[in-house]
Each structure stands twice: as structure tokens, then as C-alpha cells.
Amino acid sequence: MSDQLGWKVAFGAPAAMERLGLARPLVAPLAASGLLGSGATVSLAGWTRPVLEVEVAIWIGSGLGAAIELVDIEFPPDDVERILASGIYHRHVLIGPPLSAALDDVTARVTCNGATVAGTDDPTPLTGPHEDVLDAVRATAGRDLRDGEVVIAGAVVPPLPVAPGQRWHTDLGRLGSLDVAFTS
């Protein structure tokens, strides 16, 4: 049985693609083994540079959902092959259920220990249009995407460094909210 839940997309911002010499965002399989539920507590023991990314999950055939990806930037983001071999720094993902909502309805507000730290009313400047995201995944997969697969489309606000003792809340408006806490 496959451990693949779906796909993750990263480095879709125009500046990131230009810096890495990419024609399209990077795409890697998204492992089901890293899936956590909202409210999870994650140990950061052994992590190098832990980061939280607030994302939109595209559920193929079902709608959109809220997502948080937890990555560990273990080495500088300048070697595309090494980035892909690492699963694009992936450690864990939290994904909300698919809901009927248009991307135009999605906003993001992020708090850490109750203080607002980031937000946006447009989830696409760092990811590009979601159709382009899906085209990149189809090109990497070499096939059409299947109902039930999920694609986390990339960070909608700049990635946020995390530390032990923090509790994070992400609210993606009509897509719902997710929570995660960190320990050492």
C-alpha cells in the first residue's frame, strides 16, 4: 500500500522560481505518514530550522481545505536536486476537510500564542494561480490527478519560524482553521 497522500508544491513565488532557475514550482509526493490532526503537539527535537507554512489544500474532485505544512530547512534552498530529494523539507502536514469555497473567498490570519503574526486577503501571490499549481503536479506525476488526492499548493504567507512553547492558530476564513503546538 502506498504511503502517498497526494502532492506538495513549493517555490512557486516568481522570485523563488527565478532564483532557482525554475520554469514551474517544485513538486514532491506528500507522505500520509506525516499527517497530523488539528491540535497536535509536535516535538522539535533534532530539527535544524523548523518552519510553519500556511497553505490551501486542493482536494481533487471535492473542494478546498485549510492546511499547515511543517518543514525543516536543513540546508540552504539553493540546490534543486537536494531540495527534491529531501521531499522539499517536509516533516508533517495538517489538512482540513474539503469544503465548497472559491479561492476568491479565502483569507488567512495566523496567530502565535494569541498574537497576530501574518495574514493575507489573497492566497495566490506566493503560489501563483492554482491551475498553474495543478499543471505542475500533473507534469511531475505524468498523469491526470485522481479524485481524493490532495495537493498542498504552497505557502500563502511567508514561511514562519517556530519554536518550542509556541501555540499556532491558522484561520483560512471559509476553509476553516487548524491549530498546532510545539515542544522541545
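**Close-up 1. The aromatic pair of the predicted model.** When the whole structure is searched, one aromatic pair is found, in what is a predicted model. This pair is formed by Phe-75 and Tyr-89, whose ring centres lie 5.0 Å apart and whose planes meet at 45 degrees, so the pair counts as tilted. Because Phe-75 belongs to the loop between strand 6 (63-72) and helix 2 (80-85), while Tyr-89 belongs to the loop between helix 2 and strand 7 (90-95), the pair ties together parts that are 14 residues apart in sequence. Both Phe-75 and Tyr-89 are buried.

**Close-up 2. Charged side chains over aromatic rings.** Arg-82 is placed over the face of Phe-75, at 3.9 Å from the ring centre. In another such arrangement, the ring of Trp-47 has the charged end of Arg-91 over it, 4.7 Å from its centre.

**Close-up 3. The hairpin of strand 8 and strand 9.** Strand 8 (residues 108-112) pairs with strand 9 (residues 115-120) in the antiparallel sense, over five bridges, and Val-110 has Ala-118 in strand 9 as its bridge partner. Two residues lie between the strands of this hairpin, in which Asn-113 adopts a positive phi near 50 degrees.

**Close-up 4. The largest pocket and its lining.** The largest pocket holds about 490 Å³ of space, and among the 26 residues that line it, Phe-11, Ala-16, Glu-53, Ala-155 and Pro-159 are the closest to its centre. At least two lining residues come from each of strand 1 (4-10), helix 1 (14-20), strand 5 (50-59), strand 6 and strand 10 (150-155). Sorted by class, the lining of the largest pocket comprises 18 nonpolar, three polar and five charged residues.

Technical notes. Residues are numbered from 1 along each chain as its sequence is written. This is a predicted model: local features need pLDDT of at least 70, side-chain atom pairs count only at pLDDT 80 or more; totals for chains, interfaces and linings use all residues. Side-chain values use heavy atoms; hydrogens and water are left out. Two strands pair if DSSP finds at least two bridges between them. Helices (H or I, at least four residues) and strands (E, at least two) are DSSP runs, numbered from the N terminus. Rings of Phe, Tyr and Trp (its six-membered ring) pair if their centres lie within 6.5 Å; planes under 30 degrees apart count as stacked, over 60 as edge-to-face and the rest as tilted. Buried means under 20% relative accessible area, exposed over 50%, partly exposed in between (1.4 Å probe, protein chains only). A charge sits over a ring if NZ of Lys or CZ of Arg is within 6 Å of the ring centre and within 35 degrees of the ring normal. On a 1 Å grid over the protein atoms alone, a cavity is a set of points where a 1.4 Å probe fits but cannot get out, and a pocket is an open set with protein on both sides within 12 Å along at least five of seven lines; lining residues have an atom within 4 Å of a point. Grid points are joined across faces, edges and corners, and a volume is the space filled by probe spheres set on the points. Ala, Val, Leu, Ile, Met, Phe, Trp, Tyr, Cys and Pro count as nonpolar, Asp, Glu, Lys and Arg as charged, and the others, Gly among them, as polar.
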